[in-house]
Amino acid sequence: ILFGTVSPSGRLPHTVYPASYADDVMMSNMTMQSDPSTDYPGRTYRYYVGRPVYPFGWMYTYTRFNVTVISDRAVSTFRRVV
């Protein structure tokens, strides 16, 4: 960690659904797979067909990356903090 050979990171152990998900899904319905005929979005990261706020396994890192993009016309360098 001190010399930059390892990047400490954390992975999200669950899927974060949008706030409207609780309104769209009856909590007593335990069907996993989505059903387009009833607009049921599905449950869990495997069957949910909507766009989650943060998907299962989303990763954060506590480091900075320097990325160099090389193209035929120009060379540009930018810094991105993740």
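A: A residue counts as buried when its relative accessible area is under 20%, as exposed when that area is over 50%, and as partly exposed in between. The model is a predicted one. Thr15 has a relative accessible area of 13%, so Thr15 is buried. Thr15 belongs to the loop between β1 (9-11) and α1.

Of the 82 residues in the protein, 11% are buried. The accessible surface of the protein is about 7100 Å², and carbon and sulfur atoms hold 57% of this area. Among contacts with a separation of 6 or more, 46% join residues 24 or more positions apart.

The rings come next. A pair of aromatic rings is described by the distance of the centres and the angle of the planes. With ring centres required to lie within 6.5 Å, the count is four aromatic pairs. One of them is formed by Tyr17 and Tyr21, which are stacked, with 4.3 Å from centre to centre and 15 degrees between the planes. Tyr17 has a relative accessibility of 22% and therefore counts as partly exposed. Tyr21, at 9%, counts as buried. Tyr21 also pairs with Tyr48 in an edge-to-face arrangement, at 5.4 Å centre to centre and 80 degrees between the planes. Because Tyr21 lies in helix α1 and Tyr48 in the loop between α2 and β2 (59-61), this pair ties together parts that are 27 residues apart in sequence. Tyr48 has a relative accessibility of 14% and so counts as buried. Through these ring pairs, Tyr17, Tyr21 and Tyr48 are linked into a cluster.

Leaving aside neighbours within four places in sequence, the contacts of Arg43 include Tyr17, Tyr21 and Tyr48. Val25, Met26, Met27, Asn29, Met30, Thr31 and Met32 are also among the residues that Arg43 contacts. Arg43 is placed in the loop between α1 (21-24) and α2 (44-47). With a relative accessible area of 11%, Arg43 falls under the 20% limit and is therefore buried.

The side chain of Thr15 reaches the backbone nitrogen of Phe56 at 3.4 Å. Residues up to four places away in sequence not being counted, Thr15 touches Tyr45, Pro52, Tyr54, Pro55 and Phe56.

Tyr54 is in the loop between α2 and β2, and its relative accessible area of 33% makes it partly exposed. Together with Val53 and Trp58, Tyr54 forms a nonpolar patch on the surface, with about 270 Å² of accessible area for the three residues together. Tyr54 thus contributes to that patch while being touched by Thr15, which is itself buried.

Notes:
Residues are numbered from 1 along each chain as its sequence is written. This is a predicted model: local features need pLDDT of at least 70, side-chain atom pairs count only at pLDDT 80 or more; totals for chains, interfaces and linings use all residues. Side-chain values use heavy atoms; hydrogens and water are left out. Helices (H or I, at least four residues) and strands (E, at least two) are DSSP runs, numbered from the N terminus. Buried means under 20% relative accessible area, exposed over 50%, partly exposed in between (1.4 Å probe, protein chains only). Contact means heavy atoms within 4.5 Å. Rings of Phe, Tyr and Trp (its six-membered ring) pair if their centres lie within 6.5 Å; planes under 30 degrees apart count as stacked, over 60 as edge-to-face and the rest as tilted. Patches are made of residues with over 30% relative accessible area and no salt bridge: like charges are joined within 9 Å, nonpolar side chains (Val, Leu, Ile, Met, Phe, Trp, Tyr) within 5 Å. Accessible areas come from the Shrake-Rupley method with a 1.4 Å probe; for residues, only the protein chains shown count as cover. A salt bridge is a side-chain nitrogen of Lys or Arg within 4 Å of a carboxyl oxygen of Asp or Glu. A polar contact is a pair of N or O atoms within 3.5 Å; within protein, one must be able to donate a hydrogen and the other to accept it, and residues adjacent in sequence count only if both atoms are side-chain atoms.
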